[in-house]
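Here are my notes on this model, for reading alongside the structure. Please check each point against the view.

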Amino acid sequence: PSGNTPLSALHLARLIHEAGAPDGAYNVVTGSGQKIGAQIVQDPRVAMVTFTGSVPVGKDIRAGIGLRRVTLELGSNSSVIIEPDADLKMILPRCVTGSFSHSGQVCISVQNIYLHEQIADDFTARFIEATRALKIGHPFEETTDISSLITVAEAERVESMIQNARETGARILTGGNRHHATIDPTILADASPGSTVSCKEAFGPIVVIHRYRKLKDAIAAVNSSEYGLQAGLCTRDIEKAFRASQLLHVGGVIVNDVPAYRADHMPYGGVKNSGIGREGPRFAVEEMTEMKLICWR
């Protein structure tokens, strides 16, 4: 597990041991990911490696794994497209939740909202109002909506993305400030296509508003990303939803909800620089299974 978050994996190991699993069936090794990960990848006894993390590390793993199996869940900057016929009363609070839950530290957190020009002004105003109503506080408090990022260094990284967006022409509609390891929930508009926040994964409480005139333009904008994990599409037109779902180059399309929706039994995974392979019990078993043909005469 990450050196910043080892406790849940260790607790799970204890539960598995108490449940009666054989010794050695489940093992947790803590320490430097660079050193331990390299040892695991290089050891020929390891039949398969799965990794969730950055694109550069994922590429290094795949380059070093040889002909053994690997699944990778890497970067993302997930988007939701909202058509003018969408149920705005339903999708607006979902966008707030999808953008800022866990302070944006979710692989499929909403980072881009594409709004049709007919609804852009109204939705943006209501979205800003709902975002400003979020309460920043201690994560143990039931009333807290937004809390700190995992480290101060991560908060400084997110802060630099906001500064880069501002320097390249983006407007901060709300938020944008850092308090130690906490970033105020931030909404940006007019971000340039070349800005860091437009091209890379924020993994923080940042969302960028975009306007579009035709659905095909919004789909093209989503597909222009180097990532393709999940995307959301909101419309009451079922034919439009199916057509757009086929055109969006992502691992999963969530119709009439945000891309941050996930159920454990779904085939979860991405395309392009978002990785290869699929998670979810059935699909993970398939990824880990070597097929053998036995033919009798």
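1. Which residue in E2 does Thr50 stand opposite? Thr71 is the residue in E2 that faces Thr50. E1 and strand E2 (residues 69–73) run parallel, joined by 5 bridges. Two strands count as paired if DSSP finds at least two bridges between them. Strands (E, at least two residues) and helices (H or I, at least four) are DSSP runs, numbered from the N terminus.

2. Before going on, note that this is a predicted model: local features need pLDDT of at least 70, side-chain atom pairs count only at pLDDT 80 or more, and totals for chains, interfaces and linings use all residues. Residues are numbered from 1 along each chain as its sequence is written, and side-chain values use heavy atoms, with hydrogens and water left out.

3. E1, E2 and E14 form an open sheet of 3 strands, in the order E1-E2-E14, with mixed pairing. Its edge strands are E1 (48–52) and E14 (275–276), as each pairs on one side only.

4. Strand E3 (residues 79–82) is covered on both faces. Ser79 and Ile81 are buried on one side, Val80 and Ile82 on the other. Buried means under 20% relative accessible area (1.4 Å probe, protein chains only); exposed is over 50%, and partly exposed lies in between.

5. E3 has parallel partners. Strand E4 (residues 112–116) joins E3 through 4 bridges, and Val80 stands opposite Ile113 there. Strand E11 (residues 230–234) also pairs with E3 over 4 bridges, in the parallel sense. Ser79 has Ala231 as its bridge partner in E11.

6. Leu12 sits in helix H1 (residues 7–18). Leu12 is partly exposed, at 40% relative accessible area.
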